[in-house]
Amino acid sequence: MFLVFFGPPGCGKGTQAQYLQQENGFTVISSGDLIRAEIKAQTEFGKQIEESYKTGKLMPGDTVLSLVQKVVATEGAKSILFDGFPRTVSQATAFENYLRSIHRQIDAVISFSIADNVIIDRILGRITCADCKHVFHVSSNPPSIEGVCDNCGGTRLERRSDDTSESVRQRLNEYHLKTEPLKEFYKSKGIMVGINANQPINLVRRQVQQEIDAISGKSKKEKNIGTYSRC
Ligand SMILES: [Zn+2]
């Protein structure tokens with residue numbers, strides 16, 4: 001199954017993606033993580049985008065697409081969750097063409113809706129484990145022992161360098177302007193499911209799980225129908 005998590009930065013989709021990775025065996029492809037890895041490794045692309053990344057601008061679409069395609073090609077037939085990708089209608093269209101060429105498709109898009117002021121509070125309190133990338137929040141989801149990652153025991157819990165209020169506002173503007181139109185794109189394909197992300201993390205988690213169960217039930221049924229019709 002190929003899933004897309006869609007929503008503004010800070011809507012909690014990264015946290016929900018971690019649950020799906022742990023409990024449903026999804027491989028999570030986060031374009032943000034791919035980009036940060038390129039910057040850290042100071043590759044040619046990493047150097048090019050470092051400055052615009054820190055100020056919250058959208059990354060050049062073609063390069064992000066090719067980074068994602070590279071991982072899809074190595075992951076093969078596994079269940080993949082795309083977290084924060086695609087980000088624009090043109091990226092989504094190019095990605096759809098790529099998937100068609102390898103006989104795959106996006107099975108569902110889970111769209112997280114949330115108010116801007118809730119997002120700003122969430123992002124500014126966010127801390128990430130430098131070792132395993134697990135995400136915590138200083139007030140709503142703190143680590144059990146301060147400064148220690150519950151997931152891997154690491155002690156390098158850091159704020160992301162792009163998590164400043166100026167950068168958050170910039171990212172939200174970019175989102176409303178360039179990414180939000182994707183909602184209509186996926187809605188028109190009839191594969192979008194909406195989630196109210198203003199709710200507490202555990203409620204969102206339960207709702208996401210119910211949707212995934214419904215979707216996987218549906219795709220199994222479709223596969224069976226396909227088999228019968230070939231008999
Ligand atoms: Zn960790």
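Modeller: Happy to! A quick definition before we start: two residues are in contact if their C-beta atoms, placed from the backbone, lie within 7 Å. And keep in mind that this is a predicted model.

Biologist: Good, thanks. Which strands does helix 1 lie across?

Modeller: Helix 1, residues 13–24, lies across strand 1, strand 2, strand 3 and strand 4. Its direction is at about 170° to strand 3.

Biologist: And the sheet itself, what's the strand order?

Modeller: The order is 2-3-1-4-8, with 5 strands in an open sheet and parallel pairing. At the edges you find strand 2 and strand 8 (192–196), each of which pairs on one side only. From one strand to the next, the twist averages 20°.

Biologist: Nice. How many bridges link strand 1 and strand 3?

Modeller: There are 4 bridges there, and strand 1 (residues 2–6) pairs with strand 3 in the parallel sense. To find your way in the viewer, look for Phe-2, whose bridge partner in strand 3 is Ile-80.

Biologist: What does strand 1 do with strand 4?

Modeller: Strand 1 and strand 4 (residues 108–113) run parallel, joined by 4 bridges. Val-4 sits opposite Val-109 of strand 4.

Biologist: Are the faces of strand 3 covered or open?

Modeller: Both faces are covered. Ile-80 and Phe-82 are buried on one side, and Leu-81 and Asp-83 are buried on the other.

Biologist: Switching topic: at what angle do helix 6 and helix 7 pack?

Modeller: About 140°, with the axes 10 Å apart. Helix 6 covers residues 116–124 and helix 7 covers residues 165–179.

Biologist: Why do you call that pair oblique?

Modeller: Angles over 145 degrees count as roughly antiparallel and 65 to 115 as roughly perpendicular, with the rest, apart from those under 35, being oblique. Helix 6 and helix 7 pack at about 140°, so they are oblique to each other. Their crossing is right-handed.

Biologist: Which residues meet there?

Modeller: From helix 6, Asp-116, Ile-119, Ile-120, Ile-123 and Leu-124 meet Ser-165, Val-168 and Leu-172 of helix 7. Sorted by class, that contact has 6 nonpolar, 1 polar and 1 charged residues.

Definitions and conventions:
Residues are numbered from 1 along each chain as its sequence is written. This is a predicted model: local features need pLDDT of at least 70, side-chain atom pairs count only at pLDDT 80 or more; totals for chains, interfaces and linings use all residues. Axes are lines fitted to C-alpha atoms, for helices over the stretch in contact, and angles run from 0 to 180 degrees between N-to-C directions. Helices (H or I, at least four residues) and strands (E, at least two) are DSSP runs, numbered from the N terminus. A crossing is left-handed if the near helix is turned anticlockwise from the far one by less than a right angle, and right-handed if clockwise. Ala, Val, Leu, Ile, Met, Phe, Trp, Tyr, Cys and Pro count as nonpolar, Asp, Glu, Lys and Arg as charged, and the others, Gly among them, as polar. A residue is buried if 20 or more other C-beta atoms lie within 10 Å of its own, exposed if 12 or fewer, and partly exposed in between; C-beta atoms are placed from the backbone. Two strands pair if DSSP finds at least two bridges between them.
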